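Let's take a slow walk through this structure, a few residues at a time.

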Amino acid sequence: MIKAPRLLNSSNKVLLPNTLFSDLQIDKILSSQSIAVLQHPCESSEIMRRNELFLLLDKSENVAHVENTLSALCATERALYLLNDAKIPLDIYYRQAELFETYLTSCDALALMCDLGALFTDVADYYSSEKSRNLLFEMKESAHKIRSLLFEMNAGLLSFADKNWLTPDYDAVSEIDSISACAKSLGFAVPAKKAQNTKINLSLSDAVCQLYSDKVAQIEDEIAKYADVNFYKPVAHIPEIKFFLEIQGLIQRATKFGVPHTIAKIANAPQYVAKELYDVSLLAKNRETIIPNDADFTEKEPFCFLLGANGGGKTTYLRALGVNLIFFLAGCPVFAKEAEIYPFDIVLSHFPRDERFDNTGRLDEERKRTEEMLNVAQNKVAFLFFNETFSGTDDKRGFDLLTDTASKIQEGRHFGLYVTHFHEVMSLDYPVLSAEVDLSDANKRTFRIVRSKGSSSSYAVDILKKYGLDKNSLEARRCDNGN
């Protein structure tokens, strides 16, 4: 058969590193399975396909539809596990019939997903194709035939101990059932009936198979018809569907705390612009109030520094930028009032590590990781996050390394945010943001991120550039004069 389409596709060969998700604390709010999906950034076309589905999942009936499909797929997955675990012929026959039935239910559920956007339409078309439907019709007939044959073989083979059942017949009344019913009618307390063991021993299986050799041959003939069927095809959609539902669950949780979400516009040129951006990783700390901030990173000012006191919301702002950028690249809604973002090729982070170093050891480790980041980002449209990098050494050396790193980021035309306590960055030719107390908060405990100065210190530098009096122009003149 034609290869079944996947729900999630990403032609991007870039894999976002695991450290990025721990740095941004995404691993505190999402499972490792969802993070595995987020690690693959998408191109524009795939982002739009996923966006469409999340818009449809805003309706509770659509969520219920997806949840029911997931339940059917999980039943097939369990049937496959039990079949693979079965070792005795009669148990294998029973498990095979069960797999046929759950597989049919899963395929039917996927075929009905055609109203949930382009992602599911491709899958629904596959499972509703004439070839697929013909196969499923034949399999349904085979499952019914196997069940009937097993039932004929099962007649009269219940033991008094109620332990050995060839197939679970929940309507059958054993001797123990009759005794229990009688005891209850006389007022005696009867313990709850234990789950019946559907496995039988090998000797009994062999005996029954010999006794009903003709029926066994018919069962094996029916099973052989589907030797080439890959029953794992629908099961492959389980992690994909779980991803959609987990992200939708996070959205619902955020909504309860008054955090909005939106589908970000896809920018044609590199930029990251958003209004009232939220750090939803704070939901892991049960924070009832999350302060939003704006993002304004464009090709004119792609990189900036962020200053502020400890506990002033700098890292929270960085996480808000990083978390929502990753969600956008995976085709998910972002937690903001509005946003327009470019599909960056890669996102990287540099946070302090927990390992204990002396000052020299930590400095060498941070320099090495910074160089690795810049090498990975080379020739890509990258967004880089630095959190107090080079803060563990003396101010002069740390500031020199910071300046060198900023220069390389600028040369690579990368986007990024650099959180630092080096106030000397105010003298550099980069935009600087700072965390300031939110005056609208009565307790004065929350912070807003505001611009401390524009790029090139102030708009006056733009005037200098206009007349060729800025630093770069003057340097060029000096070189031309041979000085």
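Helices (H or I, at least four residues) and strands (E, at least two) are DSSP runs, numbered from the N terminus. This is a predicted model, where local features need pLDDT of at least 70, side-chain atom pairs count only at pLDDT 80 or more, and totals for chains, interfaces and linings use all residues. Residues are numbered from 1 along each chain as its sequence is written, and side-chain values use heavy atoms, with hydrogens and water left out.

Let's start with D296. You'll find D296 in strand β3, which covers residues 293–297. Is D296 buried, partly exposed or exposed? It counts as partly exposed, because its relative accessibility is 47%; buried means under 20% relative accessible area and exposed over 50%, with partly exposed in between (1.4 Å probe, protein chains only).

Now, what does D296 touch? Setting aside neighbours within four places in sequence, D296 is in contact (heavy atoms within 4.5 Å) with Y272, V273 and E301. Then there's A274: it sits 22 residues from D296 in sequence, yet the two are 6.7 Å apart in space, C-alpha to C-alpha.

Next, a couple of loops. Q25 lies in the loop between α1 (18–23) and α2 (32–38). Its phi is near 60°, a positive value in a residue other than glycine. Further along, R413 is in the loop between α15 (395–411) and β8 (415–419). The phi of R413 is also near 60°, again positive in a residue that isn't glycine. R413 counts as exposed because its relative accessible area is 66%.
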